[in-house]
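Colleague: I have a model open and I'd like to learn how to read it. Can you take me through it feature by feature?

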Amino acid sequence: MRWRKIKQASVWWLLPLFVLTLMLTGCGQHIVTKDVMQQVAESNEITWGVKGDMRLFGLTDIKSGQVKGFEVDLATAISKEVFGKEVKINFVPVNSNTRLPLLRNGNVDALIATMTITPDRKKEIDFSNSYFNAGQAILVKRGSKVKSVKNLTQGTKVIGIQGSNSVVNIKKYAPQSEVLQLADAAQAFAALKSGQGDAMTTDNGILYGLTSDDKSYHVVGGTFTKEPYGIGVNKHQKKFLSAINQALKKLEDNGDYQKLVDKWFGQIAGFDGSVVK
Amino acid sequence: MISILTAHWSELVEGMKYTIGSSLIALIGSLILGIIFAMFVISPNRWLRIIGSVYVEIFRNIPLLVVAMFFYIVMPRFVPGLDGFKAGTIGLTIYTSAFIAETFRAGIESVAVGQMEAARSNGMTYLQAMKYIILPQATKIVIPPLGNQFVNLVKNSSVLAFLAGFDLMYQGNLIASTTFKTTDTYLAVGLLYLVMTMPLSYLMRYLEKRWSRLPTV
Amino acid sequence: MQNFIDAYSWVNLRFLLEGLWVTIYVSAISVVLSFIIGSILGLIRYVKIKYLSMIVGFIIDLIRNLPLLLIIFFMYFGLPSTFGIRLNTVTAAIVALTVFESAMLAEIIRSGIQSIGVGQMEAARSNGLTYLQAMWYIILPQAFRNMVPPIVSQFVSLVKDSSLATIILLPELMYHSQIIYGQNTNYMIPMFVALAFLYFVICFLLSRLSKRLARRLH
């Protein structure tokens, strides 16, 4: 190729890159500014982001196609408390990777998706008071040499979920272990079962959900972090946030909250109901 | 976007290494497999023809994601040690090889049948005629579509992100989910993909022009 | 074997078919839209309108050189935050597939028209046809005949590529199968067999159809 041609060609691909860069440096972050309280009052419709693959919390029911779980029930109870019994409630499945952008972009009004309240996330969104106290744990095949997080040393692989707080934590608790991050809990568990890692780590409630129909895997070593779950709303939705907190308080006081806990976690072996709240 | 590039440069470069590595391995692998199966498809032996056609049709009509996922979560039960990078690269190789086989078949068939007969009647064996007469001519015809396949390979290697394969897209997902700067991160990742693919496709376009000016027998 | 029988229960099969329906629905709309848009863009690129063709060319090149996954992410997450346009998973997937496949088709259509050659156009013009007439009656019909196979194989790619939208939780075939084997990992192998079979049937039928169409046109 002659030199002139090369120069010509490089201009042709540099130019689009340049245009793209110009386009992008100019774009700001659009923020949804509409007040949720007002919006729901007008449309009588609220949209929650929930997990679709977390047994006990939010799991797509294959028979009906609906998402079912503790968080779905709690979201329903809160919505009815805040907006009245007639409000139409939509559930959009999210995963740990998609939930924050979807909330900030306004695809969903609120998130109730096994999301730990962390300082980093608090910079981006607001959280309600905690509605569930989870803790991080590890899941291994029965008979595995890994008995607790301390066994995850050099040469081991641990599977986590993209965007979850547990992959941030595991780097502190098992810094030498290689972390493989998959898109959601279902994929992570499938990867664990096919031997892609020595252990899987995420919050205990989620792990108990996975073991509830597969007895060849079990949770070992107890929890090693505290993961309080909160409902996420956008930064400027103070009215909505305080309404959620009031509703939570009321549901706790009148015993409805405890009923939901018993319904979903009462039968789970190894799960101490009293630690939930 | 600039801040993502500067703050996470090392992860992104690491991801690019895996992307390029996977694409290169898959390119070489799929060229070899593709040529083998193209020879099967056009071979005079009926059974080889059937094997070749079935292989090509199956992998041309199943999504790459399904093939790659299969190697990641099903195959390790039978073949231990297939991690995300290996499984993804194998999936990519097999998937692409079906397209390359098809490209080669079309290329070889476009070199007239008469040539093969002429070569055979001059005393060459089937394989000799292939090697000295048909393949050199066919190569010229298949270079441009092969170039496109390589650009596709680089883009398609992003399925490694589904398998924790440490490629550029995977690193992008991790950065997006820890910095919460989703749009900026994916724009930065897009820019890096363009840096890899754009020169390739312009090179291919240039080669295509040059080849087309040459007489193709 | 028992796993296979259990996995293909009526409930699971119905759930898979629901996913298949979304795959077909999203693909069909994207096929129609991207054919229209791709044709227009391909023509603009071919006829070389000053500046416009150049800009269109840049955009097509940009899109053609990006992974589809990235375009899907951008349509789902990027559009709202940059332009304030909010899409649900189905529309985001349709828009992403349409944008990506339009660019691919535009290139196929441009090179298809180009392959007909200048001679034909000149002959037609010298016989008194206007540029547009020559294009419509002489060039495009011939070009279209040559373009059918690559266009259809692009459509087959579109159907296959729609599986990537599982990353934004589009309830299509791949995602539904993941939900099923996520809830019972014994169903993993049966689900992959079903996935391969269903995608194969759709894509194979589509490519057979194109072969028949191409034969009829010739």
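Colleague: Let's begin with Phe166(B): between which helices does the loop lie?

Modeller: Phe166(B) is in the loop between helix 7 (126-156) and helix 8 (168-179) of chain B. Helices here are DSSP runs of H or I with at least four residues, strands are runs of E with at least two, and both are numbered from the N terminus. Bear in mind that this is a predicted model, in which local features need pLDDT of at least 70, side-chain atom pairs count only at pLDDT 80 or more, and totals for chains, interfaces and linings use all residues. Residues are numbered from 1 along each chain as its sequence is written, while chains are lettered from A and ligands numbered from 1 in the order in which they are written.

Colleague: What is the phi of Phe166(B)?

Modeller: The general idea comes first: most residues other than glycine have a negative phi. Phe166(B) has a positive one, near 60 degrees.

Colleague: And why does Phe166(B) count as buried?

Modeller: Buried means 20 or more other C-beta atoms within 10 Å of the residue's own, exposed means 12 or fewer, and partly exposed is in between, with C-beta atoms placed from the backbone. Phe166(B) counts as buried because it has 25 C-beta neighbours inside 10 Å. Thr114(A) sits in the loop between strand 6 (110-112) and helix 5 (119-122) of chain A, and it counts as buried because it has 29 C-beta neighbours inside 10 Å.

Colleague: Back to chain B: how many helices and strands are there?

Modeller: Nine helices and zero strands. The C-alpha trace of chain B spans about 70 × 45 × 25 Å along its principal axes, and 50% of its 217 residues count as buried. A contact is a pair of residues whose C-beta atoms, placed from the backbone, lie within 7 Å. Taking the contacts in chain B with a separation of 6 or more, 74% join residues 24 or more positions apart.

Colleague: How many residues of chain B are in contact with chain C?

Modeller: Chain B brings 25 residues and chain C brings 26. On the chain B side, helix 3 (46-60), helix 4 (64-74), helix 7 and helix 9 (182-213) each supply at least two residues. Helix 9 of chain B gives the most, with ten. By class, that side has 16 nonpolar, seven polar and two charged residues; nonpolar covers Ala, Val, Leu, Ile, Met, Phe, Trp, Tyr, Cys and Pro, charged covers Asp, Glu, Lys and Arg, and polar the others, Gly among them.

Colleague: Which residues does chain A put against chain C, by number?

Modeller: That contact takes 28 residues from chain A and 25 residues from chain C. Helix 1 (3-25) and helix 7 (185-193) of chain A each supply at least two of the chain A residues, and helix 7 of chain A gives the most, with five. The chain A side divides into twelve nonpolar, eleven polar and five charged residues.

Colleague: In what order do the five strands of the open sheet in chain A come?

Modeller: Two strands pair if DSSP finds at least two bridges between them. Here the order is 11-10-12-9-13, with mixed pairing. Strand 11 (178-182) and strand 13 (217-220) of chain A are at the edges, each with a single partner strand, so one side of each has no neighbour in the sheet. Strand 9 (residues 136-141) and strand 13 of chain A run antiparallel, joined by four bridges, and Lys141(A) stands opposite Tyr217(A) in strand 13 of chain A.

Colleague: Finally, what does the UniProt annotation say about residues 20-210 of chain C?

Modeller: UniProt's unreviewed entry annotates residues 20-210 of chain C as "domain: ABC transmembrane type-1". UniProt positions are in the numbering used here, feature names are shortened, and annotations may be inferred rather than shown by experiment. In the model, that span is 83% helix and 0% strand, with its end C-alpha atoms 21 Å apart. The unreviewed entry also lists residues 20-44, 51-77 and 187-206 of chain C as "transmembrane region". Residues 187-206 of chain C are 95% helix and 0% strand, with end C-alpha atoms 28 Å apart.

Definitions and conventions:
Contact = placed C-beta atoms within 7 Å.
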